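Reader: Could you walk me through how to read aromatic pairs and surface patches in a model?

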Amino acid sequence: PTNHLDLEAIDALVAGLADYPGTLVFVSHDRWFVSRLANRILEITPDGFNDHRGSYDDYLQKCGDDHLDADVVLAKARKAKRKDRDKGAKPERETKVSQRQLSRRLDELTRELEEAESRVHEINETFCDPGFYDKTPAKKVRRLEEEQRSLTSKIGELESEWQSIEDTITTQTQTLERI
């Protein structure tokens, strides 16, 4: 109620309201105004209402938190913001470290995949060579076939791990973008 009023008008308003015989309900950020008129403070919190009977000064002594002191409120808000930012920064740093480790693992997987696929290609080329089966002992053919099956299985496992890491990095990147 005191916004845009000069000091004389605020004094007149306080005097007029103090003389009013009924009940007043008002909301104000003006500590002086509240201190002059309030004999009961109804604090609204995220958990509900707190009913404080007595003056604003009594309320301050009881709870110790001056909600109308702009400097105190601002300092408290800045502290909470820093705390939230620092809380968010730790996971952010951890996520970035994790992403670097995952990227290194992706590089290793790529190298292993290329080597395995190259070897499978070599074996396939060997099998395609005319006369290979005629001049190669059966034991060596079975050994190459087993190596081919083993490498093919390994390629599938490497590709699955590679895809899983890619999905993890994508999820982490999206999370960081929201932070």
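Author: Happy to; we take the rings and then a charged patch. This is a predicted model, where local features need pLDDT of at least 70, side-chain atom pairs count only at pLDDT 80 or more, and totals for chains, interfaces and linings use all residues. Residues are numbered from 1 along each chain as its sequence is written, and side-chain values use heavy atoms, leaving out hydrogens and water.

Reader: How is a pair of aromatic rings described?

Author: By the distance of the centres and the angle of the planes. Rings of Phe, Tyr and Trp (its six-membered ring) pair if their centres lie within 6.5 Å; planes under 30 degrees apart are stacked, over 60 edge-to-face, and the rest tilted. The whole structure holds 5 aromatic pairs. One of them joins Phe26 and Phe33 edge-to-face, with 5.2 Å centre to centre and 75 degrees between the planes.

Reader: Is Phe33 buried or exposed?

Author: Buried means under 20% relative accessible area, exposed over 50%, and partly exposed in between (1.4 Å probe, protein chains only). Phe33 is buried because its relative accessibility is 0%, while Phe26 at 28% is partly exposed.

Reader: Which kind of pair do Phe127 and Tyr133 form?

Author: A stacked one: 6.0 Å centre to centre, 25 degrees between the planes. Phe127, at 15%, counts as buried, and Tyr133, at 45%, as partly exposed. Together with Phe132, Phe127 and Tyr133 form one aromatic cluster.

Reader: Which residues form a positive surface patch?

Author: Arg78, Lys79, Arg82 and Lys83 do. Patch residues have over 30% relative accessible area and no salt bridge, with like charges joined within 9 Å; a salt bridge puts a side-chain nitrogen of Lys or Arg within 4 Å of a carboxyl oxygen of Asp or Glu. Lys79 is exposed, at 58% relative accessibility.

Key:
Patch = residues over 30% accessible without salt bridge, like charges linked within 9 Å, V, L, I, M, F, W, Y side chains within 5 Å. Areas by Shrake-Rupley, 256 points an atom, 1.4 Å probe, with all protein chains shown as cover. Lys, Arg positive; Asp, Glu negative; His and termini not counted. Charge placed at Lys NZ, Arg CZ, Asp CG, Glu CD.
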